[in-house]
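Please read the points below with the model open beside you. They go through the sheet, the core and the helices in turn.

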Amino acid sequence: MYEIKKYSYDRIKELNRTLVTDVFSIRPAKNKKKKIDVFIRDKKIASIGDSERPDYPTHILQSGQEFADKRQKAFFSRFKRLPNIKNGKITTIFWSRFLLW
């Protein structure tokens with residue numbers, strides 16, 4: 001099971017502080033193939049992150065900041081065309097970008 005890093009907890013706190021709310025929360029994913037479940041007021045809205053692949057904070061811990069920054073740039077380049085909002089809903093790619101990268 002994936003252990004949510006401080007980076008992701010800090011990012012969700014930052015979002016709640018920016019929106020002046022505490023509606024967003026995260027928990028370890030129940031699906032073993034995912035890393036994080038994202039909630040709005042205890043209603044799950046997304047499961048994000050492939051548990052088999054490293055993310056930005058994992059790269060920092062394993063390979064250092066410089067390597068992690070290169071991987072982050074590559075991630076953003078690959079997914080830059082995908083929308084943050086689709087059909088009036090926040091997409092899972094937004095949550096992945098925001099919480100894992």
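1. Strands E2 and E3 run antiparallel and are joined by 6 bridges. Two strands count as paired if DSSP finds at least two bridges between them.

2. The model is predicted, so local features need pLDDT of at least 70 and side-chain atom pairs count only at pLDDT 80 or more, while totals for chains, interfaces and linings use all residues. Residues are numbered from 1 along each chain as its sequence is written, and side-chain values use heavy atoms, with hydrogens and water left out.

3. The sheet is open and has 3 strands in the order E1-E2-E3, with antiparallel pairing. E1 and E3 stand at the edges with a single partner strand each, so one side of each has no neighbour in the sheet. From one strand to the next the twist averages 25°. Angles run from 0 to 180 degrees between N-to-C directions, and axes are lines fitted to C-alpha atoms, for helices over the stretch in contact.

4. Two helices that pack on the sheet deserve a look. H1 touches E1 and E2, and its direction makes about 165° with that of E1. H4 touches E1, E2 and E3, and its direction makes about 65° with that of E3. Contact means heavy atoms within 4.5 Å.

5. Which residues have the most contacts inside the largest nonpolar core? They are Ile12, Ile26, Ile36, Val38, Ile48, Trp95 and Leu99, in a core of 20 residues. At least two core residues come from each of H1 (6-18), E1 (24-28), E2 (34-40), E3 (43-50), H3 (65-79) and H4 (92-100). H4 gives the largest share, 5 residues. Such a core is a set of buried Ala, Val, Leu, Ile, Met, Phe, Trp, Tyr and Cys residues joined through side-chain atoms within 4.5 Å. Buried means under 20% relative accessible area, exposed over 50%, and partly exposed in between (1.4 Å probe, protein chains only). In soluble globular proteins, nonpolar side chains tend to be buried together.

6. Not counting residues up to four places away in sequence, isoleucine 26 touches Ile4, Ser8, Tyr9, Ile12, Ile36, Asp37, Val38 and Leu99.

7. H1 has buried residues Ser8, Ile12, Leu15 and Asn16. These cover an arc of only 95° around the axis, which puts them on the same side of H1; the arc is that of the directions from the helix axis to the C-beta atoms. Their cover includes E1, E2 and H4. On the face turned away from the buried side, H1 carries the exposed residues Lys6, Lys13, Arg17 and Thr18.

8. H3 has 15 residues and reaches 21 Å from its first C-alpha to its last, close to the 21 Å expected at 1.5 Å a residue. The expected span is 1.5 Å times one less than the number of residues. Ala68, Gln72 and Phe75 are the buried residues of H3. Within an arc of 60° seen down the axis, they line one face of the helix. H1, helix H2 (56-63) and H4 are among the elements covering them. The face turned away carries exposed Glu66, Lys70 and Lys73.

9. Glutamine 72 of H3 counts as buried at 18% relative accessibility. Leaving aside neighbours within four places in sequence, glutamine 72 is in contact with Tyr7, Tyr56 and Trp101.

10. Tyrosine 2 lies in the segment before H1 and is buried, with a relative accessible area of 13%. Tyrosine 2 and proline 28 are 26 residues apart in sequence, and their C-alpha atoms are 6.7 Å apart in space. Beyond its neighbours within four places in sequence, tyrosine 2 contacts Pro28, Lys35, Ile36, Asp55, Thr58 and Leu100.

11. Two loop residues are worth checking for backbone geometry. Valine 20, in the loop between H1 and E1, has a positive phi near 55° and is exposed at 75% relative accessible area. Aspartate 42, in the loop between E2 and E3, has a positive phi near 65° and is exposed at 60%.

Notes
Helices (H or I, at least four residues) and strands (E, at least two) are DSSP runs, numbered from the N terminus.
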